[in-house]
Structure formats: structure tokens, C-alpha cells
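Subject: Structure handover

Hello,

Here is the structure I said I would pass on. My notes come after it; please read them with the coordinates open.

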Amino acid sequence: MSAAVNAGTGYRWLVVPDDPAVEPSRDLVGGKAWSLWRMRSLGLRVPPAFVVTTEACAAYFSGDGLPEGLVDELAAGIRLLEQQLGRTFGGTERPLLVSVRSGAAISMPGMMDTILDLGCTDSVEQALAAETGDPAFAAEVHRRFTGFYGKLVLGCTEELEELPDLAAVRETVLDDTGETVPGDPWAQLHGAVASVFASSRSRRAVAYRRHYGIPDDLGTAVTVQAMVFGNLDEDSGTGVLFTRNPVNGTREPYGEYLQQGQGEDVVSGRVTPKPLTHLAERAPHVHAELLRAADCLDREGRDAQDIEFTVQHGELFLLRTLDVGGDKPLRYLPTGPEANPFLGVRGLRLTLRNPDLLHDQLRAVVRTARHTPVSVMFPMVTVPAELHAARRALDRALDEEGPADLEVGIMIEVPAAALTADRFAPDVDFFSVGTNDLTQYVTAAERGSPRLTELADPLHPAVLGLIGRTCETGVPTAVCGELAADPRATGLLLALGVRELSVSPPAVARVKQAVREATTEGDLRNRALAAPDAAAVRALLSDG
Amino acid sequence: MLDPYQLTVHSLALRQLATAEQLAEVIGLPPEEVTAGLEKAAADGAVVSAKDKYMISQAGRELLEQAYPTAFADLRGSDTVQAAMDSFESGVNTQILSLTTDWQTKEVGGDRVPNDHGDADYDAAIIDKVGRVVDKTGKVLRPLADADPLVDRFLDRIGAALTRAEGGETDYVSGVRVDSVHTVWFQMHEHILRLTGRERPE
């Protein structure tokens, strides 16, 4: 695996997404860097960045350590950021700090979180203190960076965030891991890039890909982006902007600004920010530029935007905007308070309420489907209208990304969907019965509760009846969940018409054996369905 | 190394009252071999059978106490292994126990009450942290894993439980009826205590 040197850029492992006319390949640079390019192509200023491509990640795994030539290209990439900002990486005057983050074409859990303030050392801390006139801020940057690196690269599992100072963080990291954060900024950068690569093969990332049918060799890119500071002088500051009024949703910008401050200052409560009008009074041209950018993003994203920005020496940088780009982890979506989350906005209900997110996810699925067979399965569907909406979103993704061969199915875990499965049948290629959730919904008993174990049993005849009813539609039906992995139930599931069992790897051999031995006598099916409760079905299965 | 017969009896010291199939899963031997070993052990009086389940007897415990010093002489004499155990006990093991407590109970207004699992973010943060501790355990126990193949098997089973917990099967965090992270962790802990001739710290 070796990438060719790009004749246009001269790089083999890097992409610099700074040309509005050249859209970078999302497979090569990941979703986050693609979003940076998109903001840039809309004429918005973001802190300068470069990307180590997914090809470098593949080369990392096929060889031993960082691929040949990458160390030199990382130095070249850093030089670019230095030139644009007039700062020096590891410098004793006007030091450059960077953030390092993972970015795959499809975002997934298990990948390394972002490291901020990389490049911080003892001498850099001094330089930053001198430049900002705020030694406490410089010490805080150093403390936080050491915590990020200790946790994410060195794997420290002690809590570091709450520790009072750098010395305490260093001591805890050393005690816990036997290692120290490198004092050389380049060693920090190399260590962080290698850790991001390695995280794409972490147990959790591998399990996630397997579960969602994402190709296993899909690595990650690494985005290295300059940190910008809002506390350098009076012409610097930091703030947030919402493009809609949070109370009534009207399109009127609303936000806060902290002159000569960093985001951390606001978060820590050290200072209280002022309304945005404060920026308008101090720097009307920056304020106007910000409103233009917000308006542009709001129109482009067709939705409200939540924008974080920093002004450095009178120059506006957009840091992060939610609802733009496709890398927003689901868990951060505000769902609003719910009395009973188990019966609330989850599964497809959640994604349909966040059309941009669904759209981005489906586009990623379609791109994957071009080189590998993919099945799309929508969870928590209750009525056909939800499926129709999801299919329309998929059609839109296919229009934009080009044709791909895809199978579409739904999870059956809501009893209403099982009872009306025939009405979903014309629009799906398969059903997959999620027996864990279905059992809880049918029996109104939580599986995790030790006192309800007997009630929350997937072998309850009502659950079996719903599985049978789903199979009767003639649509190929799979079963997943605890029941699928139970070899005693295999014969019964086959008798009900189930054609596929999804089980975790350790259970495969046992279930295969059970499938081979299964005799599909029609009587077992009828006797199980006629049983009064799960215990009776279990007795039936151990007799047979 | 324990021979397969000793290993079968040993498995009942890690998992009390279990079927041959459950024990085979713990030690990674073919179920037929485990069944044969258990039948022999029952005849020898080293285990007691009750229906399809087995328990270790006092004679079985003595058999193991005699076998360990020879079987694990190298491990017990290794400073690296002893240092790894010290680190395991004071580090990751303590962290897993405290995470299990956090999973089962929650602090509300100064009192610990059962976790009703109504706060998805709270639960997700714990599962995430368990994942990082488990990753680190692989590094901490490396000297033991290099000397004893079962250690990696335990780590794989813990990883499999964690993957299920991450997939939403939350009883795989600390549930006692399933091979949860906590269940397998407990077995692994008992195993490595026996390997190294240590007592469970209180």
C-alpha cells in the first residue's frame, strides 16, 4: 500500500483543503476535514489546517509505524500553518499550537477524541504567558493539553480533568501509565497521529463497523488544525452565535461575546460574556462579517446554526458550527426532556427529526455501497409513513451520490409494526426482528431488571406470535437479540419461518450446530404458540 | 501449565456451580473433553455433580493447591509478573470495581440509590470509561498473558461483553446471569490470583 505523490500538490500523504475550487475526496480526508473545506468554499474563514489521508492510515497498518516520508510531510504541513499565522511550532515567541482529530468518511465510536493545544511544552507555556500577559491562561493550556495527551495517547484511565495543576496531571499520568508526555512538540505530533490511526482498529471501532456492515479496512484521516486565541489583545475575543431565537425560532441572531478571552474562560465560569452587541460596538466590521457568515450557513444548512467563533488580532475565525457537515455524534442531539425515554424519540424517530444528519449518514452509506454490498436497516419504525420518509431521504442520497446497489429493511421491535408487517412489506427487502426490545414492549417488563426476568422472556408466546406474523408476509425475516443466540430456540424460530439469525461471533458455532440438528415439525410451532407463558414454552423445548 | 484434567477442576474454582458447556467456555477446551474430565473428577471425589451442574469439593481444592506451585513456578518467580499484579490490583481492578458501583448505584443528594438507567449520558460515560480501562488492562497484564494463554481468552470475553453493552444490551455491564464484563472480570481475577499464589485483597 503506497500512495503516489500527487503531481499537483507534491504531497504523498497530505491534503491541504484550502482551495475552494478543489473539492477533496471525502473518503481520503474524512467528514470533518470535508466540512472545513465546505465552510472555506462558502468564503468563510476557518483556522488553517491540513489532513493526513486515509491512505497514510492504510500504509501505517501495512507497515511498521508511520509510513515512510510522513514525518517530513508533517513538518511541511506545520510550516504552512506557521506561515499563514506568523507563528512557530514549539517556538519561544508567538508559538503555534494545533488540534489533532480523527476523521473517517463515516464517523463512528471508538475512534480517538480530539487533542487540543498540541505543541505545548514548558518553554511554549512561558512564551504564551508572555504574549497574552496571562500566565494563568498559559498554565491552564499546558495542564489541559497534558491531560488530553495522557488520556488519549498514553491511555491513562485516572480522572485528569479535575486535577488542579500541571504537576498533579503529570504525576498521575506517570503513576498510572509509567510514561510521560513528550517534551518535544514533534514527538507529540507523531505520537498523536499514530494513536489516531491505531484507534481506527480499536475493539469498539471494529465492533461498530461489523455491526453496521461498514468495510473493515476503512481507516481514518487525521486533521491537524491551528489553534487560534481570543485572549491575545483587545482586538481578540471569543463567542457563540445562534442563528435563530432560541425561544420562538424566528431568524434573528442571538449570541454572546467575550472580549480578550478564550472559550475555556466562559466554560469555567471565570468570566461572564456580554451580548453580541458588544462586538458590534467594538468591531463593527467583524460583527458584520460574522452575521454574513451566519446567514450563509443558515441558508446552506437549511436549519438553525450554532456557531463558535474566535477573533484573533481583529481577524474572524469560525471554529465549529453544528448542523453543518456530517460528523455530529448522535448523542449530542438535543432530544428534549422525556418522561420515558424508552418510549420516546429514538431510532428512526430521532433521525427523521434531524434530516441533515440522516441525509449525511445516508450519503455515506451510498458511497460505501459503491464498493461493497450494503443493507440499510431503519430502527424503531412504528408506521409505514416513517419508512416512506426514510426511503425518500435515501432516494435523495442516491440522486446526489449516483446509483448503488442497496437492500433496504426495517427493524421490527415495535409491536405495532409486527402486527401490521404486511403493510410495510411492499417497501422493504427484509425484516429484522429485534427480540430484546420487542420482548420489553410486548411484556411491559424491563429485561435488565432482575425482578422481572421471568416476565421479560423472549420465548413468551406473544413474542413468538409476532415473529410468526412478520414471517407470514413472505418477506425474508431475520431475528437478532438474545433469542437468536439461544440454540434451544433455533428449531422453533425456523418453524416460525425465520430465515436468518444474527448472533455475536462466540455464539455462531453453537447456533449453526442447532440449525443443522433442527427438525421443523409443525407441531412444535403450534404448541409453542398455544402455550400460556414463556416457562411453558421452555418446558416444551427441553422435552423436544 | 496445568494439564487438561487439572484445568477442568480449576475452572470450577473460577465459576462455581456450572455445566460442562459453561466451563468449556471459560477455559476454551472442547466440551467433550471437559465432560470427560468432570466425570473422572467426580469419580475421584474432586467435584460433586448435581443434575447437569458441577461444584468443586474440598478434595478438589486440595488437588489444585498441590498442583499450582509446580504448574506456575515460572510465573510465581517472575518479578515482572508480580509487578504487573501489583499494578492490576491498585489500578485497573480498583477502577473496574468503582465503575461497577457507579453503574449499579448513583449518587443523588449525597445518598447512593439504585441506578434506574434513565440517564443515557450517565450510562454511556460509564461504558466508555470501562472500555478505556479494559483496553489498558490488556497492557497491564501483558506479562501474565505472555506466560498463560487463558489471560487473553478472558480479555477477549470481556471485550465481547463490552461490545454487547455498547450495542445496548446493558445487562452485559454487570449482570450476574450473563457473561457480563463484571462476571468475566471476576473469573479472570480469581484465575490470576491463583496463578500468582495471591489472596484476594479486601
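This is a predicted model: local features need pLDDT of at least 70, side-chain atom pairs count only at pLDDT 80 or more; totals for chains, interfaces and linings use all residues.

Overall picture

Chain A has 544 residues, and 51% of them are buried. The secondary structure of chain A consists of 22 helices and 17 strands. If you count the contacts in chain A with a separation of 6 or more, 64% are between residues 24 or more positions apart. The accessible surface of chain A is about 24500 Å², with carbon and sulfur atoms contributing 51% of that area.

Strand 7 of chain A covers residues 221-226, and six of its six residues are buried.

Strand 7 of chain A pairs with strand 2 (residues 49-52) of chain A in the antiparallel sense, over four bridges. It also pairs with strand 5 (residues 98-103) of chain A, again in the antiparallel sense, over six bridges.

The parallel sheet

Further along chain A there is an open sheet of five strands, in the order 13-14-15-16-17, with parallel pairing. Its edge strands are strand 13 (374-378) and strand 17 (500-502) of chain A, each of which pairs on one side only. On average, neighbouring strands of this sheet are turned by 30° against each other, direction ignored.

Within this sheet, strand 15 (residues 430-434) and strand 16 (residues 477-480) of chain A run parallel and are joined by four bridges. One residue pair to display is A:Ser432 with its bridge partner in strand 16 of chain A, A:Ala478. Helix 17 (residues 435-443) of chain A packs on the sheet and touches strand 14 (406-412), strand 15 and strand 16 of chain A. The direction of helix 17 makes about 60° with that of strand 15 of chain A.

That is what I have for now.

Regards

Conventions. Residues are numbered from 1 along each chain as its sequence is written. Chains are lettered from A and ligands numbered from 1 in the order in which they are written. Side-chain values use heavy atoms; hydrogens and water are left out. Buried means under 20% relative accessible area, exposed over 50%, partly exposed in between (1.4 Å probe, protein chains only). Helices (H or I, at least four residues) and strands (E, at least two) are DSSP runs, numbered from the N terminus. Two strands pair if DSSP finds at least two bridges between them. Contact means heavy atoms within 4.5 Å. Accessible areas come from the Shrake-Rupley method with a 1.4 Å probe; for residues, only the protein chains shown count as cover. Axes are lines fitted to C-alpha atoms, for helices over the stretch in contact, and angles run from 0 to 180 degrees between N-to-C directions.
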